[in-house]
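Subject: Handover of a structure, with notes on its contents

Dear colleague,

Please find below the structure that I am handing over to you. My notes follow it, and I would be grateful if you read them with the structure open.

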Amino acid sequence: MGKRLRGAAGRAGTSLLEVVTALSVAGVILSIAAPPLRRLLATLRVQAAARMVRADLEYARMAGVRGGRGAVVRFVRDPGCAWAGSRGGRAYEVAPRAAAGAPRPSTLRTLEAGVCYDVNNADSLVFNSRGLLAPFNNRTIWTLAGGARDSVTVSVAGRIRHRAP
């Protein structure tokens, strides 16, 4: 009878040595790529949190103008974010001002895990019925995670700017 052919190289599969070599090369490449990947992910999380804060500030401003009574954004401190600053936290509440005795609808927003904010002034932002900040001074909200940082600034005129580093 004839011989059985086993493949072009004369063998049926890969050897254990080849598999171990491929895995070790992949491990070296991953160990080199992991730290920059972590920094990139932290930067993306911080930028996403800053965009969310900006959108909520714009919503609060417009809700205050539409309702004719203003709106408040209250920042909730979190001891787990003490490294972020004295006013650091992970959550904030957005609420339009309501008439006395009327129910006040509010929305509690929480930043992504590992991301904290810090505020440069008071623990709340108040927009009046014309969309201006009260009291009359600029506010900056920083979003932070690890070494990544981003900021949103609200001017006294109510303009909201996201300034990516």
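A residue is called buried when its relative accessible area is under 20%, exposed when that value is over 50%, and partly exposed in between, with a 1.4 Å probe and protein chains only. By that rule, buried residues account for 31% of the 165 residues in the protein chain.

Two remarks on the source are needed before the details. This is a predicted model, in which local features need pLDDT of at least 70 and side-chain atom pairs count only at pLDDT 80 or more, while totals for chains, interfaces and linings use all residues. Residues are numbered from 1 along each chain as its sequence is written, and side-chain values use heavy atoms, with hydrogens and water left out.

Overall organisation

Helices (H or I, at least four residues) and strands (E, at least two) are DSSP runs, numbered from the N terminus. Read from the N terminus on, the order of the elements is α-β-β-β-β-β-β-β-β-β. The accessible surface of the protein chain is about 10,200 Å², and 59% of this belongs to carbon and sulfur atoms; such areas come from the Shrake-Rupley method with a 1.4 Å probe, and for residues only the protein chains shown count as cover. A contact means heavy atoms within 4.5 Å. Among contacts between residues at least 6 apart in sequence, 54% join residues at least 24 apart.

The disulfide

How many disulfides does the structure hold? There is one, a disulfide being a pair of cysteine sulfur atoms within 2.5 Å. The partners are cysteine 81 and cysteine 116, with their sulfur atoms 1.8 Å apart. Cysteine 81 is in the loop between strand S1 (71–77) and strand S2 (89–96), and cysteine 116 is in strand S4 (residues 116–119), so the pair ties together parts that are 35 residues apart in sequence. The torsion about the S-S bond is about -65°, and the disulfide is therefore left-handed. Cysteine 81 is buried at 0% relative accessibility, and cysteine 116 is also buried, with a relative accessible area of 0%.

Salt bridges

A salt bridge is a side-chain nitrogen of Lys or Arg within 4 Å of a carboxyl oxygen of Asp or Glu. The count by this rule is four, and the following pairs are among them.

Arginine 77 and aspartate 123 meet through their side chains in a salt bridge of 2.9 Å, N to O. Because arginine 77 lies in strand S1 and aspartate 123 in the loop between S4 and strand S5 (124–127), this pair ties together parts that are 46 residues apart in sequence. Arginine 77 is partly exposed, at 49% relative accessible area, and aspartate 123 is partly exposed at 29%.

Arginine 90 forms a salt bridge with aspartate 78, and their closest N and O atoms are 2.9 Å apart. Arginine 90 belongs to strand S2 and aspartate 78 to the loop between S1 and S2, so parts 12 residues apart in sequence are tied together.

Glutamate 58 and arginine 54 form a salt bridge as well, with 2.9 Å between the closest N and O atoms. These two residues are four residues apart in helix H1, which means that about one helical turn separates them.

Leucine 37 is in helix H1 (residues 16–67). Together with Leu40, Leu41 and Leu44, Leu37 forms a nonpolar patch on the surface, with about 370 Å² of accessible area in total. Patches are made of residues with over 30% relative accessible area and no salt bridge: like charges are joined within 9 Å, and nonpolar side chains (Val, Leu, Ile, Met, Phe, Trp, Tyr) within 5 Å.

Alanine 148 is in strand S8 (residues 148–154). Alanine 148 and leucine 44 are 104 residues apart in sequence, and their C-alpha atoms are 8.7 Å apart in space. Is alanine 148 buried or exposed? Alanine 148 is buried, with a relative accessible area of 12%. Leaving aside neighbours within four places in sequence, alanine 148 contacts Ala42, Thr43, Val46 and Thr143.

Serine 151 is also found in strand S8 and is buried at 13% relative accessibility. Not counting residues up to four places away in sequence, serine 151 touches Thr140, Ile141, Trp142, Arg161, His162 and Arg163.

Yours sincerely
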